[in-house]
Amino acid sequence: MGPFNGDDGNNGNGNGNGTTASRPGTLSKPLADLMGSWDDFAFAPIRESTVSRAMTRRYFADLDAYAESDVVIVGAGSCGLSAAYTLATLRPSLRIAVVEAGVAPGGGAWLGGQLFSAMVMRKPADVFLAEVGVPFEDEGDYVVVRHAALFTSTVLARVLALPNVKLFNATAVEDLITRPVVAADGSTSVRVAGVVTNWTLVSMHHDDQSCMDPNTINAPLVISTTGHDGPFGAFSVKRLVSMRQVETLGGMRGLDMGAAEDAIVKGTREVVPGLIVGGMELSELDGANRMGPTFGAMALSGVKAAEEALKVFDLRKAQNDE
């Protein structure tokens with residue numbers, strides 16, 4: 001990519017101020033005019049309460065709007081973000097809430113393996129990179145993004161720019177909302193109908209503070225991409241076990257890149273009505289291998305999760321409205 005040319009990516013050729021840099025290597029005129037005039041520089045005046053109201057008004061409006069969502073995506077790592085991008089792009093009428101426990105979305109996709117910079121993706125995951133506009137080096141059977149942060153920041157920016165997606169970061173999913181399903185033989189199971197949320201910092205202190213009740217988001221469909229086992233990892237599939245909807249977890253197996261990536265993409269699916277599982281969370285459910293520092297399966301598992309969601313959304317929505 002060339003030097004900054006005033007393009008913020010909003011429309012492909014402008015800088016958001018109605019002006020366009022004339023050529024690569026130049027700044028937009030409004031920004032260039034600031035330079036060399038710092039002695040007389042001053043920001044526009046503001047009152048502290050104005051800042052507070054600007055933030056809180058918008059956030060609480062989002063909480064109100066997304067209390068009833070069409071799809072909730074749990075986890076904003078590479079799989080969750082690719083699912084959000086694909087689903088919101090293919091069906092812009094859907095209201096999609098992305099809930100991320102960390103302050104910084106992106107999961108483990110800010111760096112490659114062992115804290116190295118480059119990100120490796122096996123083909124055909126390069127088609128997703130081309131779709132979102134991430135440059136890469138073609139090495140034959142695989143491609144290399146020069147810094148993993150370039151991938152993550154690009155996909156994140158594309159997702160956040162979509163008008164039908166809201167990211168709630170620093171927010172943990174503490175439980176799943178469920179509804180009973182009674183089969184013809186009288187046996188019962190559950191359908192997932194949303195998520196139970198709380199501030200992540202609150203979730204981390206339930207053991208040393210008095211009861212701090214959660215909030216909720218109703219949705220006919222949840223896509224869970226919380227990663228392999230950890231403090232917040234594999235959350236939904238572990239909860240399925242405790243709810244006796246799954247007998248036991250298969251447990252993630254040792255590293256095998258060749259086997260792992262195919263298995264994760266192929267296995268991405270609706271595991272109980274209303275809950276689609278993708279990414280490394282799926283490895284804990286199915287007993288699939290880990291793949292290590294190769295990221296193609298994360299991106300394409302997200303794409304498949306979006307496809308699976310589109311297959312069942314209308315049915316789950318109808319059930320949710322009953």
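Predicted model: local features only at pLDDT ≥ 70, side-chain atom pairs only at ≥ 80, totals over all residues.
User: Why is the packing of helix α3 against helix α10 called oblique?

Analyst: Helix α3 (residues 78-90) and helix α10 (residues 296-320) pack at an angle of about 40°, with their axes 7 Å apart. Angles under 35 degrees would count as roughly parallel, and 65 to 115 as roughly perpendicular, so α3 is oblique to α10. The crossing of α3 past α10 is right-handed.

User: What makes up the contact of α3 with α10, by nonpolar, polar and charged residues?

Analyst: On the α3 side the residues are S78, C79, S82, A83, T86, L87 and L90, and they meet residues of α10 including M298, G302, V303 and L310. This contact divides into 11 nonpolar residues, five polar and no charged.

User: How do you know which residues of α3 and α5 make their contact?

Analyst: Contact requires heavy atoms within 4.5 Å, and the contact is made by S78, L81, S82, A84 and Y85 of α3 with F151, V155, L156, R158 and V159 of α5. By class, seven of these residues are nonpolar, two polar and one charged. The two helices pack at an angle of about 35°, their axes being 9 Å apart, and α3 passes α5 in a left-handed crossing.

User: What makes F151 stand out in the largest nonpolar core?

Analyst: That core has 41 residues, and F151 is listed with V71, I96 and M121 as those with the most contacts inside it. Leaving aside neighbours within four places in sequence, F151 is in contact with S78, M119, M121, F128, L129, V134 and V145. Another core, of 31 residues, lies apart from the largest one and has F168, V237, V246 and M280 among its members.

Methods:
Residues numbered from 1 in each chain as written. Heavy atoms only, no water. Axes fitted to C-alpha atoms, helices over the stretch in contact; angles between N-to-C directions. Helix = DSSP H or I, 4+ residues; strand = E, 2+ residues; numbered from the N terminus. Parallel < 35°, antiparallel > 145°, perpendicular 65-115°, else oblique. Left-handed = near helix turned anticlockwise from the far one by under 90°. Nonpolar A, V, L, I, M, F, W, Y, C, P; charged D, E, K, R; others polar. Core = buried A, V, L, I, M, F, W, Y, C linked by side-chain atoms within 4.5 Å. Buried < 20%, exposed > 50% of the residue type's maximum accessible area, 1.4 Å probe, protein only.
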